Amino acid sequence: MSGNTLARELRASWAFIERNFNFTKRYWKWEVVFFVYTMANSVTMGFIGKGVESFSGTKLNTSYLILYMLLGSILWGYLSILFEIVAETVAWERWEETIEYTFMAPVRRATHLLSTCGYAILYGILRSGLILLVVSVFFDLNLSSANLLSAAGILAVSSFSFVGLGIVAAVLPLISPEKGVQVVHIFQALLLMFSGVYYEIDVLPVWMQQVGKLSPANYALRGMRASILEGKTIPEMSNDVWPLIFLGALLLPSGLLFFRRMESWAKRKGVLKRSG
């Protein structure tokens, strides 16, 4: 890639990121609604952790349980918003009636998709940080043993694999304008069930545990909890970090390649512009 081409792709990349933030500003009222929804879910999970001791009748480490549930909720909120934004890339282009301009523009598809991923990561971090601030008002969170550097490392590594999954899922609205977006949410619900967001996957039947081992969210959640609750370092979490690196290295390029092929198919079949 020549210097001029690289500069053009970088300008296009920044334009996509800026456009997505402008979309966020345009629909800020809906952003507030969904933020309240996510915050309510997180606070509810925290209160479930707080209430376990009362309905179990056993003396438990309540602070640990609250943080365990909140970490699951907030990290899942981050990963799911990352997944949703990337997966709904095509749907957004259809809603804004820009799909023809975007897909016919002289910009590499990888630039378009990875720019959307960059926006999703920035937006997800800002949103999750705000939720953490709000829930800290409801609960007395003890982060004295947390290793925040390791937590940031887990967050960064896990983002790649979820971006790859999101790009694969973005194919669904591309090939099915009618039901593609709904199927994305079904896919997300299956990830939630198999990944141990609010429980360890050890409680699942054996065959579900095997499926759960293929989910990057499983390793991301374990790593995040180990770094925050136990203060573990990245080398101490190698059993979770290496699978995340492997899944990210596999899913991201595979997702880009798969999307490119299905985009060619959609253009040949004439479903790109169809709105349902």
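## Annotated domain

The UniProt record, an unreviewed entry, places the feature "domain: ABC transmembrane type-2" at residues 32–262; such positions follow the numbering used here, feature names are shortened, and annotations may be inferred rather than shown by experiment. The model is predicted: local features need pLDDT of at least 70 and side-chain atom pairs count only at pLDDT 80 or more, while totals for chains, interfaces and linings use all residues. Residues are numbered from 1 along each chain as its sequence is written, and side-chain values use heavy atoms, with hydrogens and water left out.

The span 32–262 is 79% helix and 0% strand, and its end C-alpha atoms lie 34 Å apart. Helices (H or I, at least four residues) and strands (E, at least two) are DSSP runs, numbered from the N terminus.

## Nonpolar cores

A nonpolar core is a set of buried Ala, Val, Leu, Ile, Met, Phe, Trp, Tyr and Cys residues joined through side-chain atoms within 4.5 Å. Within the largest such core, of 56 residues, F162, I167 and F259 touch the most other members. Helices that each supply at least two residues include helix 3 (62–87), helix 7 (148–175) and helix 11 (238–269). The largest share, 14 residues, comes from helix 3.

Leaving aside neighbours within four places in sequence, F162 is in contact (heavy atoms within 4.5 Å) with W76, L79, L82, F83, L191, P216 and A217. A second, separate core has nine residues, among them F35, V43, I66 and F139.

## Aromatic and charged groups

The structure holds 11 aromatic pairs. Rings of Phe, Tyr and Trp (its six-membered ring) pair if their centres lie within 6.5 Å; planes under 30 degrees apart count as stacked, over 60 as edge-to-face and the rest as tilted. Y27 and W92 form a tilted pair, 5.8 Å centre to centre with 50° between the planes. This pair links distant parts of the chain, 65 residues apart: Y27 lies in the loop between helix 1 (3–26) and helix 2 (28–56), and W92 in helix 4 (residues 89–95).

The charged end of R109 sits over the ring of F103, 4.2 Å from its centre, and that of R225 over the ring of Y68, 3.8 Å from its centre. The criterion is NZ of Lys or CZ of Arg within 6 Å of the ring centre and within 35 degrees of the ring normal.

S227 lies in helix 10 (residues 216–229) and is buried, with a relative accessible area of 0%. Buried means under 20% relative accessible area, exposed over 50%, partly exposed in between (1.4 Å probe, protein chains only). Not counting residues up to four places away in sequence, S227 touches S145, A146, N147, S150, A151, K232 and M237.
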